[in-house]
Amino acid sequence: MREVVIDAFDGPDAVPDAMAPRNLWPPPPDARFNGKALYGAAVLVPLVDHPQGMTVILTQRTESLPSHAGQIALPGGRRAPDEDTPEATALRESAEEIGLAP
């Protein structure tokens, strides 16, 4: 399965590197969008290979959150100051949210 996923991002129809978004990990301190400061964040797409087919683990955000309350989401969130890569953030957040060991 790993090869299928990798091929989807690196196959003949993949976006050429020159067209891919530039890496902003973490965003520069002055990075803004619509006047709001940007921050580093990452999500994980946890694929589970069952005998009857592939599934994706999703979460439902708590209703009491100030933003995106109750929405269905992938596990993930904001970058911690000591995290140097989006992968580290996604793995930490997934461990916190769904108990998935890195």
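**Note on the predicted model**

1. In this predicted model, Arg-78 is placed over the face of Tyr-39, and its distance from the ring centre is 3.6 Å.

2. A second point concerns the surface. Val-45, Leu-47, Met-54, Val-56, Leu-58 and Ile-72 together make a nonpolar surface patch of about 510 Å². Among these residues, Leu-47 belongs to strand β4, which covers residues 47-50. Is Leu-47 buried, partly exposed or exposed? Its relative accessible area is 38%, and Leu-47 is therefore partly exposed.

3. On burial in general, the protein chain has 102 residues, of which 19% are buried.

4. The secondary structure of the protein chain comprises two helices and eight strands. Along the sequence, these elements follow the order α-β-β-β-β-β-β-β-β-α.

5. Confidence should be read alongside the points above. The protein chain has a mean pLDDT of 83, with 76% of its residues at 70 or more. Where in the protein chain is confidence lowest, and where is it highest? The lowest value belongs to helix α1 (residues 2-10), with a mean of 60. The highest belongs to strand β7 (residues 72-73), at 96. Ile-72, a member of the nonpolar patch, lies within the residue range of strand β7.

Methods
Residues numbered from 1 in each chain as written. Predicted model: local features only at pLDDT ≥ 70, side-chain atom pairs only at ≥ 80, totals over all residues. Heavy atoms only, no water. Patch = residues over 30% accessible without salt bridge, like charges linked within 9 Å, V, L, I, M, F, W, Y side chains within 5 Å. Areas by Shrake-Rupley, 256 points an atom, 1.4 Å probe, with all protein chains shown as cover. Salt bridge = Lys/Arg side-chain N within 4 Å of Asp/Glu carboxyl O. Helix = DSSP H or I, 4+ residues; strand = E, 2+ residues; numbered from the N terminus. Buried < 20%, exposed > 50% of the residue type's maximum accessible area, 1.4 Å probe, protein only. Lys NZ or Arg CZ within 6 Å of the ring centre and 35° of its normal. pLDDT = per-residue confidence, 0-100.
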